[in-house]
Amino acid sequence: MTTIRREVLTLPAAPLGPDNPLPPLRPLDEAHRIDERDRAGLPRDMARQVGYEPLRSLLPAPVRDGYGRVREPREFDALVIENDRLRATVLPALGGRVTSLFHKPTDRELLYVNPVLQPANFALNGAWFSGGIEWNIGATGHTTLSCSPVHAARVPAPDGGEMLRLWEWERLRDLPFQVDLWLPRDSDFLHVGVRVRNPHERPVPTYWWSNIAVPEDRRVLAPADEAWLFGYERRLRRVPVPTHDGADRTYPRNSAYAADWFYEVPDGRRRWIAALDEHGHGLVQTSTDVLRGRKLFVWGTGPGGRRWQEWLTEPGTGGYCEIQAGLARTQLEHVKLEAESEVSWLEAYGPLDADPEGEWHTVLRGAEDRLEAVLPRTGVDAAYEAWRPHADAEPGERLATGSGWGALEVLRAGWKLPGTPFEEATLGDEQRPWLHLLHAGSLPEPDPGAPPGATLVARPWRDMLETTAATPVAEYHLGVAQWHEGDRAQAVRSWERGLKNAAARWPLLRCLAVADQEDGHHERAADRYAEAFDDLCARVRDGAEGSPRVSGTSGASGGGEAGAREALPGSGGETSWTAAAAALGGEAIGALLAVGRTADARAVWERLAPSVRARGRFRLTEAALLAAEGRRAEARAVFDEGFEVADLREGDEIIGRLWARLADEPLPARHDFRMRPDGD
C-alpha cells in the first residue's frame with residue numbers, strides 16, 4: 001500500500017524573488033484568444049463556453065516577476081508517494097507539482113524531469129517552470145499557483161493505505177479545490193482524485209487542465225480522428241488526425257512552430273492519452289468521463305521553439321512536449337459550475353507498452369486494448385466511486401502549509417468545507433489588514449516602511465470597503481475593486497479622493513496613470529507616472545524605516561542625481577522597495593517614451609538602482625531609450641554586449657521589434673523566441 005515520506009530535493013534553481021507590488025490593473029495579456037473569424041464555425045456548446053466569462057484581469061493575484069536567471073543549488077521539501085511499483089515525487093511549495101513518476105520494475109522515468117528550476121513568464125501571473133505534472137485551475141493558461149505553496153496532509157486512502165491530499169484556494173475565481181494522490185496495493189498507476197467546489201450562491205466559471213510533460217521523441221496517441229488546432233497566430237481550425245498539411249502531427253518533432261492540438265474525442269469513447277517512444281514504452285493518462293478534453297502541445301522545431309526549450313532548462317537537456325487533460329474540449333473554454341455545487345473526477349497515470357508505429361486506427365486499437373488489459377475502464381470508474389466517500393475525510397498529519405487566503409474567505413462567509421480545512425492558524429501578514437476590516441470594520445493604517453500590501457476585489461470585500469472610513473488606504477483598495485468590476489469612473493473618483501490626504505501618493509498616482517492610459521490620455525498618464533516616481537524616491541530618500549538609503553534630490557523632470565538605491569544588507573524593506581522602484585520605474589519610462597519625453601524617461605532611468613538597471617528587462621529598456629534618443633549605435637551595442645530578459649512573456653515579440661529598428665541582419669538566435677511563422 002501507499003507510503004508517504006518527506007525528502008529534500010536539491011536542484012539548481014533561480015530564486016523567485018519578490019512579487020510585483022503594483023496591482024495588475026491592465027487587461028490580461030493573453031495569447032490564447034480566438035480570431036473572431038473562427039467563432040462562427042464552432043459547435044454550439046463550444047462557442048458558448050468560449051464566450052463564457054473569459055478572464056479579463058489578474059486581480060487579486062499579484063504579478064510574479066522578481067526572478068532572475070542565476071541558478072544556484074537550492075533545497076526543496078518534497079513528498080514522496082511510493083508502493084512497490086511506482087514512486088511519485090511532489091513539490092508542495094511549487095503548486096503541488098509531481099516532478100517525477102518512476103516505474104520501478106522497468107527502471108524507467110515516465111515524465112520529463114527538468115534538471116533545473118528556472119522560472120519563466122508562462123503562468124497567468126508570471127513565474128512558471130517546466131516539467132512533471134501540474135494542476136491548472138482558474139482560467140486559460142498556467143495557474144497563478146504554479147510557484148506558490150499549497151496545503152498538504154496525510155489522509156486515509158480507499159484501500160486502507162495512505163493518501164496525499166493537496167488543497168488550496170484559487171483566488172481568480174474564488175474556488176477551493178483538492179487533489180488526492182495514492183497508489184493502490186500492487187498498482188502500476190498513480191490514482192488522482194480531483195474536486196473543485198463552488199460554495200457561492202451564484203454560478204462560477206471553472207477551468208481545469210492537468211498538464212503532463214513528457215520527452216518529445218514520442219508518438220502521442222489519443223482516440224480521435226480530428227483535432228482543434230490553435231497556434232500563436234490565434235486561429236482555431238478543425239483538422240484531421242494524425243496527418244495534417246502533409247505530415248503526421250502525432251510526432252511532436254514534425255511541427256515547425258508551437259501549437260496546441262485539442263483532440264476531438266467522440267462521446268462515449270474512453271478518455272485517455274499516451275506518449276510512447278520508438279520501442280513502444282511510455283506514459284498513459286486516463287480518467288473518468290468528466291475530464292473530457294485531451295491535448296498535445298508542441299514547441300516546434302523552429303528556432304523560436306528550440307530557444308524556448310533551452311531557456312526553460314539547460315544546454316544538452318532533451319526537449320519535451322505536453323500531453324494534457326481538461327474539463328472542456330479546448331483551453332479556450334470555461335465551464336459553468338452551478339451555485340453551491342462541485343465537480344470531481346479520477347485520473348490515473350502509469351506505464352503503457354504498445355506498438356506506436358503503423359496505421360492510425362490499428363495503433364489506437366492496440367494501445368486501447370493494452371490499456372484495457374492493465375487498467376480496465378470499469379476499474380477507473382470503480383476507483384472513483386471508492387474514492388468519493390474519502391474526499392470529505394479530514395486530513396491527518398499536516399505535511400505542508402499553503403496560503404491564508406482560504407482561511408480568510410471561510411471566516412468571512414462561514415463556509416463548511418469538509419476535507420479541506422482552511423484554518424485560522426494559516427492567516428499571515430498579507431491577510432491581517434483584511435481580517436481587521438472583517439472584524440473591526442476598518443482598514444488599519446499601512447506600514448509606512450513598506451509599499452501597499454495585497455488587495456481584494458470580490459464583491460463582499462468591495463461592499464465592506466464602501467462602508468468603512470474613507471481613509472487613503474481604503475480609497476486605494478476600493479478603487480482597485482471598482483476597477484476590477486468594470487466601474488472605472490468610480491475607481492478614478494476613489495483614487496482621486498484618497499490622493500487628497502495621502503502621505504504616500506505614488507500608489508494612487510500610479511493607479512490614476514493606468515486609468516489615463518486606458519482612456520487614451522497619454523500625456524496626463526506620463527505626468528502622473530513622473531510624479532509617482534518622484535514621490536516614491538522622496539519617500540525612500542526621507543528614510544522610511546527599513547527602506548533603501550538614498551541621498552540627493554529627485555524629480556523625473558528635473559533629472560536628479562540620486563534615487564531608489566539599493567537597501568543596506570539586512571534592512572527590512574530591501575526587496576519590497578527595490579521591487580516597487582523597479583516596477584514603477586519601468587512603467588514610467590514606457591509611458592514617458594510613448595509621448596516622446598525622452599529626457600524625462602532618461603531621468604527615471606538614471607535614478608533606478610544599479611542592480612535594477614543591470615537586469616535583462618532593463619537592459620532592453622535601455623536599448624529602447626537609446627534608440628528613442630537617436631543613439632542607434634549605442635542601442636545596438638546593448639544587444640552586442642548581450643542580455644537576457646528573465647521575464648520575457650510567452651508570445652512577446654518586443655525584442656524582435658526593437659532589433660528590426662536597429663539592424664538589417666536577422667535577429668540573433670539567442671534573442672529569437674518567435675512562436676509563429678513570419679508574417680502571421
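Tryptophan 461 is buried, at a relative accessible area of 0%. Here buried means under 20% relative accessible area, exposed means over 50%, and partly exposed lies in between (1.4 Å probe, protein chains only). This is a predicted model: local features need pLDDT of at least 70, side-chain atom pairs count only at pLDDT 80 or more, and totals for chains, interfaces and linings use all residues. Residues are numbered from 1 along each chain as its sequence is written, and side-chain values use heavy atoms, with hydrogens and water left out.

## Aromatic pairs

Rings of Phe, Tyr and Trp (its six-membered ring) pair if their centres lie within 6.5 Å; planes under 30 degrees apart count as stacked, over 60 as edge-to-face and the rest as tilted. By this rule there are 22 aromatic pairs. Phenylalanine 122 and tryptophan 128 make a tilted one, with 5.3 Å between centres and 45° between planes. Both phenylalanine 122 and tryptophan 128 are buried. Tryptophan 434 and tryptophan 461 pair edge-to-face, at 5.8 Å centre to centre and 80° between the planes. Tryptophan 434 lies in helix 6 (residues 432-440) and tryptophan 461 in helix 7 (residues 459-467), so the pair ties together parts 27 residues apart in sequence. Helices (H or I, at least four residues) and strands (E, at least two) are DSSP runs, numbered from the N terminus. Tryptophan 434 is buried too, at 1% relative accessibility.

One aromatic cluster has Phe122 and Trp128 among its members, including also Trp308, Trp311 and Phe673.

## Charges over rings

A charge sits over a ring if NZ of Lys or CZ of Arg is within 6 Å of the ring centre and within 35 degrees of the ring normal. The charged end of arginine 97 does this over phenylalanine 129, 3.9 Å from the ring centre. Arginine 488 lies over the face of tryptophan 483, at 4.3 Å from the ring centre.

## Nonpolar cores

A nonpolar core is a set of buried Ala, Val, Leu, Ile, Met, Phe, Trp, Tyr and Cys residues joined through side-chain atoms within 4.5 Å. The largest has 84 residues; Trp135, Leu164, Leu181, Trp208 and Tyr263 touch the most other members. Strand 26 (residues 341-353) gives the largest share of this core, six residues. Contact means heavy atoms within 4.5 Å. Beyond four places in sequence, leucine 181 is in contact with residues including Ile81, Val98, Trp135 and Leu164. A second, separate core of 46 residues includes Ala481, Ala526, Trp577 and Ala588.

## Proline 60

Proline 60 is in the loop between helix 1 (44-50) and strand 2 (72-82). This proline 60 is buried, with a relative accessible area of 12%. The C-alpha atoms of proline 60 and threonine 455 are 6.1 Å apart, although 395 residues separate them along the chain. Leaving out residues up to four places away, proline 60 touches Arg171, Thr455, Leu456 and Val457.

## Salt bridges

A salt bridge is a side-chain nitrogen of Lys or Arg within 4 Å of a carboxyl oxygen of Asp or Glu. The whole structure has 62. Arginine 597 bridges to glutamate 523, with the closest N and O atoms 3.7 Å apart. Arginine 597 is in the loop between helix 12 (574-594) and helix 13 (598-606), and glutamate 523 is in helix 11 (residues 522-541), 74 residues away. Arginine 597 is buried at 18%, whereas glutamate 523 is partly exposed at 45%. Arginine 597 also meets aspartate 527 in a salt bridge (2.6 Å, N to O).
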